[in-house]
Amino acid sequence: MPLLEVKGLHVTYGVGTRAVRGVDLSVDTGQKLGIAGESGCGKSTLALALLRLLPASARVSGEILLDGEDVLTMKWGRLRAVRWAGASIIFQGAMHSLNAVHRVGDQIAEPILLHRKSTPAAARKRVAGLLEQVGLPGSRAEAYPHELSGGQRQRVMIAMALACAPRLIIADEPTTALDVMIQAQILRLIEQLVADQDISLLMISHDLSVLADTCDRLAVMYAGRIVEEGPAQQVFAEARHPYGVALSAAFPRIGDPASRRAPRGLPGDPPDPSALPGGCTFHPRCPVALDVCTTEDQVLRVAGAGRRAACVRVDAAARSS
């Protein structure tokens with residue numbers, strides 16, 4: 001049984017704003033799954049839905065099974081425990097996620113005191129250990145968020161996510177606004193901690209190359225749906241869906257001067273979730289769209305060993321590979 005299994009997940013805001021549409025995915029114990037896509041494709045809404053952190057105005061349907069238990073039907077007390085001990089989340093933008101008027105050590109200790117019934121002394125010891133795990137001296141527990149650099153604050157967020165030894169970590173753009181060197185350090189840290197502690201990881205990013213380098217499997221989202229899924233390196237190098245191809249092509253290739261001088265992109269933006277086009281939602285931007293794409297929506301279909309893609313051209317591509 002997968003540690004996390006999402007079945008037919010729909011999230012709608014207001015009247016007809018369909019942010020997530022029929023998402024199915026699973027994460028096995030110890031597995032690292034990446035979710036890629038442009039801003040506005042529903043990635044963060046999906047992440048928040050997994051732990052029921054969406055606003056009350058959101059209408060959510062489907063199933064979110066964590067260790068076989070549906071998060072969407074949990075009672076409030078059970079949900080509070082699951083949010084830290086079962087699964088935790090690393091939010092993007094640590095400065096906005098940490099409380100500016102409390103020391104970071106107190107913020108890390110709060111879930112430990114609440115969920116592990118620890119004494120204050122034991123919690124302080126645990127906090128110091130967690131900070132050292134993420135590459136910070138235990139003495140930084142006395143610092144306020146504004147006294148730390150962006151990379152240090154992100155390390156604090158990772159320490160907080162690990163506080164109650166969860167089995168699943170959801171990382172929503174954990175390196176946003178960090179420079180390239182610090183980004184690489186944070187990604188390697190997350191990867192090492194996940195491997196050392198046998199934690200499952202669901203990482204969300206708009207950067208396909210980061211996910212391909214960090215994760216085992218990769219799912220590509222567009223307009224609230226998964227449009228491609230498969231082994232991370234294969235999806236990055238040889239995407240089956242035209243959207244995955246465009247995301248991968250947006251990155252210049254090392255040693256390829258032509259791609260560096262003229263990286264290929266994708267014109268336009270993802271559609272407004274309250275006014276989705278008919279047929280395949282990607283067809284207005286698709287360079288290889290067929291007439292059928294304007295009238296018929298596409299569902300995920302087999303696109304090779306362990307791979308799926310929601311494109312009418314997939315069958316032909318899979319036969320030729």
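**Cysteines, rings and a helix**

Analyst: With a disulfide defined as two cysteine sulfur atoms within 2.5 Å of each other, the count here is zero. Keep in mind that this is a predicted model. Take Cys-311, which is in no disulfide: the nearest cysteine sulfur belongs to Cys-286 and is 6.2 Å away, while the cut-off is 2.5 Å. Is Cys-311 buried or exposed? Its relative accessible area is 8%, and buried means under 20%, so Cys-311 counts as buried. The same cut-off of 20% applies to Cys-164, which is buried because its relative accessible area is 6%.

Now let us turn to the aromatic rings. The structure holds three aromatic pairs. One of them joins Tyr-222 and Phe-282, with ring centres 5.1 Å apart and planes at 85°. Planes over 60 degrees apart count as edge-to-face, so that is the name for this pair. Where in the chain do the partners sit? Tyr-222 is in strand S9 (residues 217-222), whereas Phe-282 is in the loop between helix H11 (257-261) and strand S11 (301-302). The two are 60 residues apart, so the pair links distant parts of the chain. Both partners are also buried: Tyr-222 has a relative accessible area of 1%, and Phe-282 has 2%. Together with Tyr-243, they form one aromatic cluster.

Helix H4 (residues 104-115) gives another view of burial. Its buried residues are Val-104, Gly-105, Gln-107, Ile-108, Ala-109, Pro-111 and Ile-112. What covers the buried residues of H4? The cover includes helix H2 (76-86), helix H5 (120-133) and helix H6 (150-162). After H4 comes Lys-117, which has a positive phi, near 55°.

Finally, step back to the whole chain. It has twelve helices and twelve strands, and 47% of its 321 residues count as buried. For that number of residues, a compact globule would have a radius of gyration near 20 Å, and the chain agrees, at 20 Å. Links across the sequence show up in the contacts too: among those between residues at least 6 apart, 63% join residues at least 24 apart. The accessible surface comes to about 14,800 Å², and 53% of that belongs to carbon and sulfur atoms.

Notes
Residues are numbered from 1 along each chain as its sequence is written. This is a predicted model: local features need pLDDT of at least 70, side-chain atom pairs count only at pLDDT 80 or more; totals for chains, interfaces and linings use all residues. Side-chain values use heavy atoms; hydrogens and water are left out. Buried means under 20% relative accessible area, exposed over 50%, partly exposed in between (1.4 Å probe, protein chains only). Helices (H or I, at least four residues) and strands (E, at least two) are DSSP runs, numbered from the N terminus. Contact means heavy atoms within 4.5 Å. Rings of Phe, Tyr and Trp (its six-membered ring) pair if their centres lie within 6.5 Å; planes under 30 degrees apart count as stacked, over 60 as edge-to-face and the rest as tilted. The radius of gyration is taken over C-alpha atoms; the globule rule is 2.2 Å times the number of residues to the power 0.38. Accessible areas come from the Shrake-Rupley method with a 1.4 Å probe; for residues, only the protein chains shown count as cover.
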